[in-house]
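Dear colleague,

I am passing on the structure we spoke about, and I would be glad if you looked through it before reading my notes.

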Amino acid sequence: MIGIAIVDDDKGTLETAKQILLDITTGYEHVQIDTFQSAAGFLKVLGMHRYQILVSDIDMPGINGIELCKKVREKYLDIYIVFLTAYVEFAIDSYRMDAYQYILKSEIQSRFPVVLGKLVDMVVNSQKNFCYIGSGMLKERVLYCDIVAIIKLKKSKYVEYVTINEKLYERNSIEKTLEKLNSDEFVMVERACAVNLCHVTKIQDNMLFLSNKMTVEASSLRIKEVKEKLNRYWREM
């Protein structure tokens, strides 16, 4: 499922943006595009639906786009946010809020399809990678992008998968687990913990801050490699 929300107090912009997104996602299955004429209206349903992409105006009455972004980031740090604005001066604010992109409304026919087309492809590709976690008949299908961290439990033969929704357990070593996943998105930060680079929101000294509010300290032996892989990942985003 690809969930996209568009928030703008201008009905014309909502209709234009939605039509462009409908054209972009033609051929994709299970796409949900919802429009809202206020940030408050979007926040009311935010916990009821999962959105991977949020397109928002900045200059809106009531809760503006910057304030909306702050509220969304408190719970959903992995959501892609694109600001659609009529004012170029809002660009600095959009980068401050870690928005994926800002697009001027005057460029909605030219830049909007390009940026959103790339984002939709990224979401679709991220949902192709999944694994089954568990033992015997009790296995659960989990998307790679939903795995935040993998932790080897002390004095145990089990690893703990910390996902965005729950914790899952599997009898395995952390090394064998990473072999099974076989993805560059996962990196060992110390001998008993690996993190998913897509959920790292900040790094300060040896401390990694994750999207679920977890903090993980990388070992002095691994921090250089972790920073290199993280910087490479962020450049490719």
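This is a predicted model: local features need pLDDT of at least 70, side-chain atom pairs count only at pLDDT 80 or more; totals for chains, interfaces and linings use all residues.

Residues are numbered from 1 along each chain as its sequence is written, and side-chain values use heavy atoms, with hydrogens and water left out.

The protein has seven helices and 15 strands, where helices (H or I, at least four residues) and strands (E, at least two) are DSSP runs numbered from the N terminus. Its C-alpha trace spans about 60 × 40 × 30 Å along the principal axes. Of the 237 residues, 44% are buried, meaning under 20% relative accessible area with a 1.4 Å probe, protein chains only.

The largest nonpolar core has 23 residues, and those with the most contacts inside it are Ile 53, Val 55, Phe 112 and Leu 116; such a core is a set of buried Ala, Val, Leu, Ile, Met, Phe, Trp, Tyr and Cys residues joined through side-chain atoms within 4.5 Å. Two or more residues each come from β1 (2-7), α1 (11-24), β3 (53-56), β4 (80-85) and α5 (111-126), and α5 gives the most, with eight. Leaving aside neighbours within four places in sequence, Val 55 is in contact (heavy atoms within 4.5 Å) with Ala 5, Ile 6, Val 7, Val 82, Leu 84, Phe 112 and Leu 116. A second, separate core of 20 residues includes Phe 42, Tyr 51, Ile 66 and Phe 83.

Technical notes. Buried means under 20% relative accessible area, exposed over 50%, partly exposed in between (1.4 Å probe, protein chains only).
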